[in-house]
Amino acid sequence: MVKYQESEEMYLETILLLKQKSANVHAINVAEELGYSKPSVSYALKSLVGKGYLTIEDGVLHLTEEGKAKAEGIYERHTVITKLLEITGADHEMAEENACRIEHVVTPELFEVLKKFVKNG
């Protein structure tokens, strides 16, 4: 369950970040960004559509309001945890890599504590 949720969250975050660079994001863009096969990405995107996080029109991916909110929350966890790890002395690359893993397992309660610390730190 955790592994699937992590994968789902990676897709949502990746789509959000790709959409910040270009309005027209396609499955192939997600596959290239994540280094996944096109069939794997297609399967995952269908799941996201089924959950109401994503729509696909003429091959272009669009986050729904719910999908965008979830993706923005994931990205916020990523940036806060990256900053926290940098505060503790990790270089940016190490902080990014580890934040990418931690962001999927941190509880909402602990995240609020970390966010407050980073904001006030």
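**Assignments and their grounds**

Modeller: Let us begin with helix H4, residues 65–87: at 1.5 Å a residue, its 23 residues should span 33 Å, and its end C-alpha atoms are 33 Å apart, so the two values agree. Please bear in mind that this is a predicted model.

Colleague: Which residues of H4 are buried?

Modeller: Gly 67, Ala 71, Ile 74, Arg 77, His 78, Val 80, Ile 81, Thr 82, Leu 84 and Leu 85 are buried in H4. The criterion is a relative accessible area under 20%.

Colleague: Why does Lys 68 count as partly exposed?

Modeller: Lys 68 lies in helix H4. Its relative accessibility is 37%. Buried requires under 20% and exposed requires over 50%, so Lys 68, at 37%, counts as partly exposed.

Colleague: What makes H4 oblique to helix H5?

Modeller: H4 and H5, the latter comprising residues 92–102, pack at an angle of about 135°, with their axes 8 Å apart. Roughly antiparallel would need an angle over 145 degrees, and roughly perpendicular covers 65 to 115; H4 is therefore oblique to H5. On the H4 side the contact is made by His 78, Ile 81, Thr 82, Leu 85 and Glu 86, and on the H5 side by His 92, Ala 95, Glu 96, Asn 98, Ala 99, Cys 100 and Ile 102. The crossing of H4 past H5 is right-handed. Between these helices, H4 is followed by Gly 89, which has a positive phi near 115°.

Colleague: Why are H4 and helix H6 oblique to each other as well?

Modeller: The axes of H4 and H6, residues 108–120, come within 10 Å and cross at roughly 55°. Roughly parallel would need an angle under 35 degrees, and roughly perpendicular begins at 65; H4 and H6 are therefore oblique to each other. Here H4 passes H6 in a left-handed crossing. From H4, Glu 76, Arg 77, Val 80, Ile 81, Lys 83, Leu 84 and Ile 87 meet Phe 111, Leu 114, Lys 115, Phe 117 and Val 118 of H6.

Colleague: What makes Glu 9 buried?

Modeller: Glu 9 is found in helix H1, residues 2–21. The limit for buried is under 20%, and Glu 9 has a relative accessible area of 3%, so it is buried. Leaving aside residues up to four places away in sequence, Glu 9 touches Lys 70, Ile 74, Arg 77, Glu 103 and His 104.

Colleague: How do you know that Gly 35 is exposed?

Modeller: Exposed requires over 50%, and the relative accessible area of Gly 35 is 63%; Gly 35 is therefore exposed. Gly 35 sits in the loop between helix H2 (27–34) and helix H3 (38–50). Gly 35 and Ser 22 are 13 residues apart in sequence, and their C-alpha atoms are 19 Å apart in space.

Colleague: Why is Asp 58 called exposed?

Modeller: The threshold is over 50%, and Asp 58 has a relative accessible area of 81%, so it is exposed. Asp 58 is found in the loop between S1 and S2, a hairpin with 2 residues between the strands. Its phi is near 50°, a positive value in a residue other than glycine.

Terms used. Residues are numbered from 1 along each chain as its sequence is written. This is a predicted model: local features need pLDDT of at least 70, side-chain atom pairs count only at pLDDT 80 or more; totals for chains, interfaces and linings use all residues. Side-chain values use heavy atoms; hydrogens and water are left out. Two strands pair if DSSP finds at least two bridges between them. Helices (H or I, at least four residues) and strands (E, at least two) are DSSP runs, numbered from the N terminus. The expected span of a helix is 1.5 Å times one less than its number of residues. Buried means under 20% relative accessible area, exposed over 50%, partly exposed in between (1.4 Å probe, protein chains only). Axes are lines fitted to C-alpha atoms, for helices over the stretch in contact, and angles run from 0 to 180 degrees between N-to-C directions. A crossing is left-handed if the near helix is turned anticlockwise from the far one by less than a right angle, and right-handed if clockwise. Contact means heavy atoms within 4.5 Å.
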